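Please walk through this protein model with the text below as a guide.

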Amino acid sequence: MGSLVLPAICEFVPFSCYDSALDCIRAQTEDCSVTEVSITKNLTLLERNYKEEPGVQHVGFYIEGARYFCEENGLPYTGKVRIDQIVTKMLEVDTKSTPAILDIVLPILADYKLDEIEFPT
């Protein structure tokens with residue numbers, strides 16, 4: 001009896017999106033098991049549980065309360081929005097997030113070209 005080989009249904013593609021049910025921006029660069037590490041009330045980093053490559057620890061992030069944060073801080077909260085504008089404002093509002101944003105979030109956005117999401121109108 002021959003072996004059955006099934007083709008991959010789809011390949012993971014790094015993404016960023018807005019989840020309206022949770023008011024959360026999600027960005028993820030790898031399809032892997034992760035641990036969520038809360039940095040501030042608005043920022044959570046995704047750490048890879050099993051490190052395949054030395055140095056690649058963070059594979060994404062969540063911005064929780066994203067639309068509310070934008071509305072409260074004078075940023076656009078409908079239509080297409082750049083995530084780097086949101087995290088830059090986060091730097092001004094809460095300095096505790098500064099290392100995570102500068103060393104992890106902004107490089108992920110730039111390296112994977114994930115900087116734009118769309119809020120519902």
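A residue is called buried if its relative accessible area is under 20%, exposed if over 50%, and partly exposed in between, with a 1.4 Å probe and protein chains only. By that count, 35% of the 121 residues in the protein chain are buried. The model is predicted, so to read it: local features need pLDDT of at least 70, side-chain atom pairs count only at pLDDT 80 or more, and totals for chains, interfaces and linings use all residues. Residues are numbered from 1 along each chain as its sequence is written, and side-chain values use heavy atoms, with hydrogens and water left out.

Start with the whole chain. Its C-alpha atoms fill a box of roughly 65 × 35 × 25 Å along the principal axes. The accessible surface is about 7600 Å². Carbon and sulfur atoms hold 52% of that surface. These areas come from the Shrake-Rupley method with a 1.4 Å probe; for residues, only the protein chains shown count as cover.

Next come the charges. Lys and Arg count as positive, Asp and Glu as negative; His and the chain ends are not counted. The chain has 10 positive and 20 negative side chains. Each charge is placed at NZ of Lys, CZ of Arg, CG of Asp or CD of Glu. The centres of the two sets lie 3 Å apart.

Now the fold. Three helices and seven strands make up the secondary structure. Helices (H or I, at least four residues) and strands (E, at least two) are DSSP runs, numbered from the N terminus. In order, the elements read β-β-β-β-β-α-β-α-α-β. A contact means heavy atoms within 4.5 Å. Among contacts between residues at least 6 apart in sequence, 52% join residues at least 24 apart.

Which strand does strand 7 pair with? Its partner is strand 6 (residues 79–82), antiparallel, over four bridges. Pairing requires at least two DSSP bridges between the strands. Within this pair, V81 stands opposite I117 of strand 7. Strand 7 itself spans residues 116–119, and its side chains alternate. I117 and F119 point to one face and are buried.

A pair of aromatic rings is described by the distance of the centres and the angle of the planes. Rings of Phe, Tyr and Trp (its six-membered ring) pair if their centres lie within 6.5 Å; planes under 30 degrees apart are stacked, over 60 edge-to-face, and the rest tilted. The structure holds two such pairs. F12 and F15 form an edge-to-face pair, 6.1 Å centre to centre with 65° between the planes. F12 is partly exposed, at 30% relative accessibility. F15 is partly exposed too, at 29%. The rings of Y18 and F119 have centres 4.7 Å apart and planes at 80°, so this pair is also edge-to-face. Y18 sits in strand 1 (residues 15–19) and F119 in strand 7, so the pair ties together parts 101 residues apart in sequence.

Finally, check the backbone at two loop residues. D23 has phi near 50°, a positive value in a residue other than glycine. D23 lies in the loop between strand 1 and strand 2 (24–28). At 18% relative accessibility, D23 counts as buried. K113 also has a positive phi, near 55°, and is not glycine. The loop of K113 runs between helix 3 (98–112) and strand 7. K113 is exposed, at 73% relative accessibility.
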